[in-house]
Amino acid sequence: MPGFSQATELSAWTALQHHHEKLGKDIVLKEYFKKDPQRFDKFSFTFHNEADDSDTLFDFSKNFVTEETLKLLVELAKQANLEQLRDDMFKGEKINFTEHRAVYHVALRNVSNQPMQVDGQSVVEDVNNVLEHMKKFSEQVRSGEWKGFTGKRVNTIINVGIGGSDLGPVMVSEALKPYGDRNLKLHFVSNIDGTHIAEALRDSDPETTLFLIASKTFTTAETTTNANTAKAWFLQKGKESDIAKHFVALSTNEAEVTKFGIDKENMFGFSDWVGGRYSVWSAIGLSVCLYIGFDNFHQFLSGAHAMDKHFKETPLEKNIPVIGGLLSVWYSDFFGAQTHLVSPFDQYLHRFPAYLQQLSMESNGKAITRKGDYVKYTTGPILFGEPATNAQHSFYQLLHQGTKLIPTDFILAAQSHNPVENNKHQKMLASNFFAQAEALMVGKTPDEVKAEGAVPELVSHKTFLGNRPTTSILADKITPATLGALIVYYEHLTFTEGVVWNINSFDQWGVELGKVLAKKILAELEEPGESTKHDASTSGLINAFKKKAAL
């Protein structure tokens with residue numbers, strides 16, 4: 001693979017170190033704004049989404065960045081070969097080199113049908129065929145044409161998956177709930193804890209429930225176990241021949257799918273160049289398509305495609321996802337930040353931070369360069385988040401007065417889907433969105449605290465240091481197209497980070513070891529007697545569990 005063994009070998013990295021030494025101790029964001037009235041204009045960018053003619057404003061001006069900083073960061077991206085690797089991704093080159101696969105989720109939202117190939121073979125037709133299948137099926141279910149085994153229409157959908165096969169669909173269906181068919185009940189089952197499937201089934205009727213089994217290989221242990229539990233529940237009322245009316249597969253393993261009892265005509269496939277955390281754009285998004293309808297799902301893809309186009313064509317110094325990714329590297333490796341907060345001021349986006357956790361930490365939780373060396377710098381930040389304003393009554397205390405530097409993204413839509421009480425709620429929400437970013441930047445000095453009449457012994461406790469960096473993302477409204485673009489912003493931000501750190505953002509070997517060990521231990525739990533095959537702690541815990549569970 002092309003590229004340097006270590007990002008620290010790049011001359012731009014060294015230049016940034018010198019820049020940080022000169023700049024680091026003197027950064028006072030509120031003073032930057034006093035000195036430069038044009039700062040907001042210089043460091044904020046508007047993304048125009050052609051899919052629905054909307055605008056989303058990305059304000060980076062409250063970050064530790066000057067024009068010189070941005071210039072050096074862009075040079076770092078160029079030296080790290082970002083443009084070439086980006087173009088290789090869009091060409092279907094196998095940039096996931098450890099698995100020898102293309103990274104082609106961008107092809108799933110190629111609504112303009114641009115030529116896209118892998119190994120010299122066009123992928124456009126197969127992608128469109130799956131979309132057409134999703135359209136036909138979703139229209140049959142939503143219209144009532146699709147009937148269960150007793151002739152009743154479907155009113156409950158249970159998506160059984162894990163990882164990207166769960167996090168993506170559940171997040172998007174929640175985020176786009178205003179566009180959903182409220183006559184359809186949605187459940188998402190991922191946890192192997194039997195409680196998860198039990199609660200979903202308790203609220204369902206076999207005659208009117210449709211199961212979507214989401215597993216590329218149809219062998220994922222958690223998913224197949226939950227699927228078989230669902231099947232056993234269904235067969236208490238239905239027959240084997242009725243499974244075809246109530247179970248569909250989001251998979252590519254026809255042999256296992258048909259063995260389960262699912263009609264191969266009800267199998268929605270996708271290619272091996274679709275990573276799990278990027279799969280909501282594929283057949284894995286069928287639950288979303290059923291809930292919001294195909295037209296809205298297509299808008300979701302179109303908004304994503306618009307951000308792809310921006311990322312592919314816009315010069316790096318004005319490229320919104322690139323700037324976001326470079327700022328993350330800047331904070332992680334030059335300021336020692338270990339975390340990143342994403343806090344949406346939108347209740348419909350309450351699962352968005354959880355979705356981004358997989359996207360970010362599974363992608364860039366790596367420590368080995370493309371040449372196989374251990375990195376000499378910090379990689380993937382710990383991403384966390386909760387919707388505001390709840391979050392500001394929870395952990396924002398740490399942001400304001402704690403000892404840690406936590407770069408933060410705030411997200412708000414100007415227009416609410418529920419403008420209750422003459423939009424009073426949305427105005428209050430917006431006031432907090434603006435106030436939190438401002439407060440984190442300006443803080444409150446001891447003199448200001450004293451002027452408010454605080455007693456001397458409380459002055460230090462009520463002082464806010466400020467100077468905490470934030471990015472504010474202000475959308476018109478969270479439409480399907482806007483959400484699609486917002487997700488892709490973070491996808492390409494994550495890609496940018498990985499390129500600079502010279503790691504493979506598209507494998508996930510770290511997920512495997514625990515699975516392998518769990519399979520071995522499961523066999524032990526089925527055996528009588530005490531475990532002696534592990535370290536004292538693990539064996540002791542296994543034996544305690546067997547005793548408590550009366551195994």
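In the hairpin of strands E1 and E2, 4 residues lie between the strands, and Asp 53 takes a positive phi near 55 degrees. The model is predicted, so to speak with its own ground rules: local features need pLDDT of at least 70, side-chain atom pairs count only at pLDDT 80 or more, and totals for chains, interfaces and linings use all residues. Residues are numbered from 1 along each chain as its sequence is written, and side-chain values use heavy atoms, with hydrogens and water left out. Helices (H or I, at least four residues) and strands (E, at least two) are DSSP runs, numbered from the N terminus.

**Strand pairing**

- Strand E1 (residues 44–49) pairs with strand E2 (residues 54–59) in the antiparallel sense over 6 bridges; two strands pair if DSSP finds at least two bridges between them.
- Within this pairing, Phe 45 has Phe 58 of E2 as its bridge partner.
- E2 also pairs with strand E13 (residues 470–475), again in the antiparallel sense, over 4 bridges.
- Here Thr 56 stands opposite Ala 475 in E13.

**Helix H15**

- Helix H15 (residues 352–364) has 13 residues, which at 1.5 Å a residue should span 18 Å; the expected span is 1.5 Å times one less than the number of residues.
- The end C-alpha atoms of H15 are 18 Å apart, which agrees with that expectation.
- Because 10 of its 13 residues are buried, H15 is largely enclosed by the rest of the structure; buried means under 20% relative accessible area, exposed over 50%, and partly exposed in between (1.4 Å probe, protein chains only).
- Among the buried residues of H15 are Phe 352, Tyr 355, Leu 356, Gln 358 and Asn 364.
- The buried residues of H15 pack against helix H7 (164–175), strand E10 (339–344), strand E11 (382–384), strand E12 and helix H19 (480–501), where contact means heavy atoms within 4.5 Å.

**Thr 408 in strand E12**

- Thr 408 is found in E12 (residues 408–413), and a relative accessible area of 2% makes this residue buried.
- The side chain of Thr 408 reaches the backbone oxygen of Ile 406 at 2.9 Å. This is a polar contact (a pair of N or O atoms within 3.5 Å; within protein, one must be able to donate a hydrogen and the other to accept it, and residues adjacent in sequence count only if both atoms are side-chain atoms).
- Leaving aside neighbours within four places in sequence, Thr 408 is in contact with Leu 341, Leu 399, Pro 469, Thr 470 and Thr 471.

**Salt bridges**

- The count comes to 15 salt bridges, each a side-chain nitrogen of Lys or Arg within 4 Å of a carboxyl oxygen of Asp or Glu.
- Arg 109 and Asp 308 meet through their side chains in a salt bridge (2.7 Å, N to O). The pair links distant parts of the chain, 199 residues apart: Arg 109 is in the loop between helix H5 (82–90) and strand E3 (117–118), and Asp 308 is in helix H13 (residues 294–313).
- Both Arg 109 and Asp 308 are buried.
- Lys 42 and Asp 36 form a salt bridge through their side chains (2.8 Å, N to O), and Asp 36, Lys 42 and Glu 67 are linked in a network of salt bridges.
- Lys 42 is partly exposed at 33% relative accessible area, and Asp 36 counts as partly exposed at 21%.
- Asp 87 forms a salt bridge with Arg 86, with the closest N and O atoms 3.3 Å apart; Asp 87 is partly exposed at 25%, whereas Arg 86 is buried at 8%.
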